[in-house]
Amino acid sequence: MTDSGIGWEVFEIMGVSLRVSLTATLLATLCSVPAGFLLAVSSFRGKRTVVTVVTTLMALPTVVVGLLVYILLSRSGPLGSLGILYTPAAMIVGQFILALPIITALTYTAVSSVDLRVRKTAESLGASPWQASWMVLKEGRLGIIAAIVAGFGRVIAEVGSAIMVGGNIRGYTRTMTTTITLETAKGNFALGLALGLILLVVALSINALVLSFLGRRS
Amino acid sequence: MITPWLGAVIGITNQIERNIMNLSLRRLLFVLSLAVFVSSGATMAADEKPVRLRMATTTSTDNSGLLEYLLPRFEEQNGIKVDVIAVGTGKALKLAERGDVDVILVHAPAAELALVEAGWVVNRRGVMVNDFLIVGPPADPAGLKRTKTLAAALSMLKENQGTFVSRGDDSGTHKKERALWLLVDGPPAGDRYRESGQGMEATLRIAHEKEAYTLTDRGTYLALRGKMELVSAFESDAALDNPYSIIVVNPARHRHAKYAEAMRLVSWITSQEGQDLIGAFRVEDEILFHPTAIPIQ
């Protein structure tokens, strides 16, 4: 009974990991790609400061985010009435915050490196501002995709925030990384390592799948 | 000379490189959304929810396997899913006070009573008792095995050779340890006293690696005994009793708390059935917890 007969449970745990991290990445992408794009194409006072801040936030410790989200979502906190602490939703919030600065900063870099003439040419050919922006985004797609993949990599691998706001509840908020933490504490090093390998293989497969699917476009 | 497998790898990397050149954002978003959708479907079963009751408890009850053995029967009979959050007792009490859980199963009588007194929790019931023991390296540099009384053992730890690793995390075990040191006017001085700041398992591992002593609950020690060299250095003293109580969050203070469900858990765990199950639970053929809710006839 004390031995960790994890067995098939690993698929359920992997499912929680993927669902939480993919949702967080998707939501962060929807916010961060437009934000990074706007940051790159607009010019305003203090832009340099904003870029520095966003870049610095990439180093946000996961436990700090975990603590902030905990304080926010706790029943005695400002968003306590939502009642989502210790649910997958809380973990999504934490990972969303972790992914935001990474995707924003890397999107900013990617779009900034697109030649200005792309936009000008598109506009001179009669493209609307939206169409011209889309051209710029397409031109910078390699960097943007790298940004999203980096964001996903950060959140699927993090444990600090997931364990603090998820609570490592078996069959509910237990993810691959929180399981590894638990098994390591129990001294099941081999199992922990095996879970780490599985996580790596799954992340690799997802990246490979994404890339090959995207590549099929003629 | 390029071996076939290296050729294959180069082929794959070329393919990936070509693919990257043809990426489209729209497709990426589509793929991401699809992946989210599919993985949500995959874990949908976990989401069809019965009532979820949140219970904060100590790592000792969770990692000994007791709750995995006990709770499924309660869940089946009552249609209530118990979400177990395993933390130190200090944090469990804090979670109850903040209303982040509905019920707690903890082992720090003085701190529990203070929380009851303050009105944050109600209906405290004794559930079971196990005991603490001091474990240490087989060589026993402090000479604990030769002592007869707890006070003597503690002063040996304080005056003799050997290091003591403390939890240092305000858990129930840490609270107990601090109370014990009062018997000999404080813990060992200097670097013979270390705080791990981690759970019982991690602390036992640190003690094992550093060939040091530590205070542990019997359950966690038995669960890990096969993986480390620590042996019992001092045990069996009434002052080392470790009583566990179940306590419900006061619904008058936290209106969202699932009081009715929590009370069903309390009455089940203190019922004849729950108590018999606790008494029958064994790890490595040793009884871990002795039920206390019903006096033995």
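How do the residues of the lining of the largest pocket divide into nonpolar, polar and charged?

A: In this predicted model, the lining of the largest pocket divides into 9 nonpolar, 11 polar and 7 charged residues. The pocket itself has a volume of about 740 Å³. Its lining comprises 27 residues, and those closest to the centre are A:Ile163, B:Thr59, B:Ala86, B:Val87 and B:Gly199.

Both chains contribute elements to this lining. From chain A, α8 (160–166) and α9 (176–185) each supply at least two residues. From chain B, at least two residues each are supplied by α4 (59–63), β2 (80–86), α6 (89–98) and α10 (200–210). The largest share, 4 residues, comes from α9(A).

The position of the pocket can also be described in terms of the domains of chain B. Domain 2 (55–128 + 248–291) and domain 3 (131–240) of that chain both give residues to the lining, so the largest pocket lies between them.

Of its 297 residues, 49% count as buried, that is, under 20% relative accessible area. Among contacts in chain B between residues at least 6 apart in sequence, 74% join residues at least 24 apart. The accessible surface of chain B comes to about 13,600 Å², and carbon and sulfur atoms account for 56% of that surface.

Methods. Residues numbered from 1 in each chain as written. Chains lettered and ligands numbered in written order. Predicted model: local features only at pLDDT ≥ 70, side-chain atom pairs only at ≥ 80, totals over all residues. Heavy atoms only, no water. 1 Å grid on protein atoms, 1.4 Å probe; cavity = no way out; pocket = protein on both sides within 12 Å on 5 of 7 lines; lining within 4 Å. Points joined across faces, edges and corners; volume = space filled by probe spheres on them. Nonpolar A, V, L, I, M, F, W, Y, C, P; charged D, E, K, R; others polar. Domains from an automatic or database assignment. Buried < 20%, exposed > 50% of the residue type's maximum accessible area, 1.4 Å probe, protein only. Contact = heavy atoms within 4.5 Å. Areas by Shrake-Rupley, 256 points an atom, 1.4 Å probe, with all protein chains shown as cover.
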